[in-house]
Amino acid sequence: MNEAFRQMQSGRPGPASIEMCWDTMAKSWDVEIGPGNAVIDKPAVNDDEINDAAELIANAENIMIMCGGGAQHASAAIRELAEMLGASVTSFRSGRGVVSEDSAWGVSCAAAHLLWPETDLLIGIGSRLELQYMRWESMAEYLDRPPEGGAKLIRIDIDPQEMQRFKPDVAVVGDAADATRALLEKAGRKGFKSGDLDRIAEAKARTRKNIQEIQPQMSYLDTIREVLPRDGYFVEELCQVGFTSNFGFDVYEPRTYVTTGYQGTLGFGFPTAIGVKAAVPGKAVVSIIGDGGFMFGMPELASAAQHDIGLITIVFNNHSFGNVRRDQQLKYDSNLIGADLDNPDFVKLAESFGVAAHRVESPDELRPVLAKSIDNNKPAIIEVMIERGSETSPWKYILR
Ligand SMILES: Cc1ncc(C[n+]2csc(CCOP(=O)(O)OP(=O)(O)O)c2C)c(N)n1
């Protein structure tokens with residue numbers, strides 16, 4: 001068991017699985033088991049790797065930092081590095097909020113895409129770099145390493161295997177915070193140009209304007225951002241508003257954008273949000289979810305009611321698996337199969353569990369209902385009525 005705790009916390013943290021026979025489980029031993037008894041391995045940062053990285057930085061003009069989930073605990077150091085280098089800091093899902101998107105350096109993935117052509121150095125921190133090399137470029141062509149002529153690549157990752165999966169120009173194996181701090185000491189020569197701030201601000205302003213075309217999703221996301229406190233939690237989903245939130249919902253604090261990550265498991269959002277609210281009962285937690293995804297975990301309404309877990313779930317009801325429906329329309333000659341849904345009455349359903357429920361039809365109607373629900377701190381369902389098939393596709397800002 002202690003070995004499992006060691007593995008969970010060492011290297012790239014994650015779950016461990018243990019298989020045990022019933023008779024073993026029923027036995028007793030005199031041992032101490034728990035996270036405190038596990039020795040955690042953390043590779044020391046290698047000076048040569050840091051020196052090589054500092055040299056690339058010294059010769060770069062326009063630097064972008066890409067944060068993944070492995071960068072979440074390194075927020076302060078990464079912000080300092082960005083300021084020192086004049087670098088934009090972006091993320092896609094798991095790395096959101098490491099550097100606030102209302103600071104000068106934090107940019108959404110959509111704004112980062114505008115900055116990409118002139119980027120000559122990418123520093124990936126705790127990230128698989130799916131955004132840059134799978135969504136913006138085809139990873140198949142990049143399997144061994146980025147091609148000549150593109151941006152140079154430094155990767156900071158605690159998992160040495162990552163450097164084999166996708167080879168950078170300079171690999172720094174180590175903890176994201178330790179390695180970023182080491183870089184801060186060595187990379188001082190670069191400094192930032194006054195033009196960096198303008199370049200980044202311009203990309204952000206253009207993007208903010210461009211993405212307003214994704215409606216009605218952006219209007220709802222803007223309303224939620226307005227009402228949700230800075231340190232409130234937003235749990236995304238595989239739905240039209242969720243996909244749009246990948247680039248259209250600004251995140252201000254580390255770990256406050258809770259995501260399925262690359263797994264993309266439809267339905268994870270509502271049950272996950274119950275866990276989030278149980279973990280941070282004093283903070284506002286909003287789960288946004290489609291009608292299809294909500295029905296995957298809907299029975300957990302009973303858990304929320306029974307344990308009085310005050311999360312707010314906004315169900316965007318377009319009476320369909322909207323994303324599948326659009327694919328069938330565009331790619332399969334409108335041959336619709338299993339995409340439209342006959343749903344229960346979500347308000348009556350929630351009320352039957354003893355959960356407060358509301359139905360709204362516009363962002364203006366949502367605003368006061370959401371504010372009041374956050375104030376109440378009780379489980380609540382807010383159903384947003386959306387006309388089937390009416391959403392603008394968000395994909396042009398995600399998959400280039
Ligand atoms: C477990 C799982 N099953 C299926 C999918 C594929 N999938 C992605 S989005 C989607 C439709 C989601 O419908 P809904 O929750 O109603 O949201 P909408 O797109 O209509 O906003 C499906 C089936 C998935 N990502 N995960």
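Guide: With accessibility: a residue is buried under 20% relative accessible area, exposed over 50%, and partly exposed in between (1.4 Å probe, protein chains only). The model is predicted, with local features needing pLDDT of at least 70 and side-chain atom pairs pLDDT 80 or more, while totals for chains, interfaces and linings use all residues. Residues are numbered from 1 along each chain as its sequence is written, and side-chain values use heavy atoms, without hydrogens and water.

Visitor: Why does His-319 count as partly exposed?

Guide: Its relative accessibility is 28%. That value falls between the 20% and 50% limits, so His-319 is partly exposed. His-319 sits in the loop between β9 and α15; helices (H or I, at least four residues) and strands (E, at least two) are DSSP runs numbered from the N terminus.

Visitor: What kind of peptide bond joins Gln-215 and Pro-216?

Guide: A cis bond, with omega about 5 degrees. Most peptide bonds are trans. Pro-216 is located in the loop between α9 (194-210) and α10 (217-227).

Visitor: Why is the contact of Glu-162 with Arg-155 called a salt bridge?

Guide: The term requires a side-chain nitrogen of Lys or Arg within 4 Å of a carboxyl oxygen of Asp or Glu. For Glu-162 and Arg-155 the closest N and O atoms are 2.6 Å apart, so the pair meets the rule. Both residues are buried. They also belong to a network of salt bridges that links Arg-12, Arg-155, Asp-159, Glu-162 and Arg-165. By this rule the count comes to 26 salt bridges.

Visitor: How do you know that the side chains of Asp-327 and Lys-331 meet in a salt bridge?

Guide: Their N to O distance is 3.8 Å, which is within the 4 Å cut-off, so the pair counts. Both lie in helix α15 (residues 322-331), four residues apart, about one turn of the helix. Asp-327 has a relative accessible area of 30% and is partly exposed, whereas Lys-331, at 61%, passes the 50% limit and is therefore exposed.

Visitor: Which distant parts of the chain does the pair of Asp-308 and Lys-378 link?

Guide: The side chains of Asp-308 and Lys-378 form a salt bridge, 3.0 Å from N to O. Asp-308 is in the loop between α14 (301-306) and β9 (312-317), and Lys-378 in the loop between α17 (363-376) and β11 (380-385), 70 residues apart. Asp-308 is partly exposed at 40%, and Lys-378 is partly exposed at 43%.

Visitor: What makes Asp-47, Asp-48, Asp-52 and Glu-55 a negative surface patch?

Guide: Patches consist of residues with over 30% relative accessible area and no salt bridge, like charges being joined within 9 Å and nonpolar side chains (Val, Leu, Ile, Met, Phe, Trp, Tyr) within 5 Å. Lys and Arg count as positive and Asp and Glu as negative, leaving out His and the chain ends; each charge is placed at NZ of Lys, CZ of Arg, CG of Asp or CD of Glu. Asp-52, one of the four, has a relative accessible area of 41%, so it clears the 30% threshold. Asp-52 lies in helix α3 (residues 47-58).

Visitor: Which residues form the nonpolar patch on the surface?

Guide: Met-1, Ile-18, Met-20, Met-25, Trp-29, Val-31 and Ile-33, with about 740 Å² of accessible area together. Such areas come from the Shrake-Rupley method with a 1.4 Å probe, and for residues only the protein chains shown count as cover. Ile-18, at 42% relative accessible area, is over the 30% required, so it qualifies on accessibility. Ile-18 lies in the loop between α1 (2-9) and α2 (22-26).

Visitor: Why is the protein described as being as compact as a globular protein of its length?

Guide: The secondary structure comes to 17 helices and 11 strands. The radius of gyration is 23 Å, close to the 21 Å that the globule rule gives for 400 residues, so the description holds. That radius is taken over C-alpha atoms, and the rule is 2.2 Å times the number of residues to the power 0.38. The C-alpha trace spans about 65 × 65 × 45 Å along its principal axes, and buried residues make up 50% of the 400.
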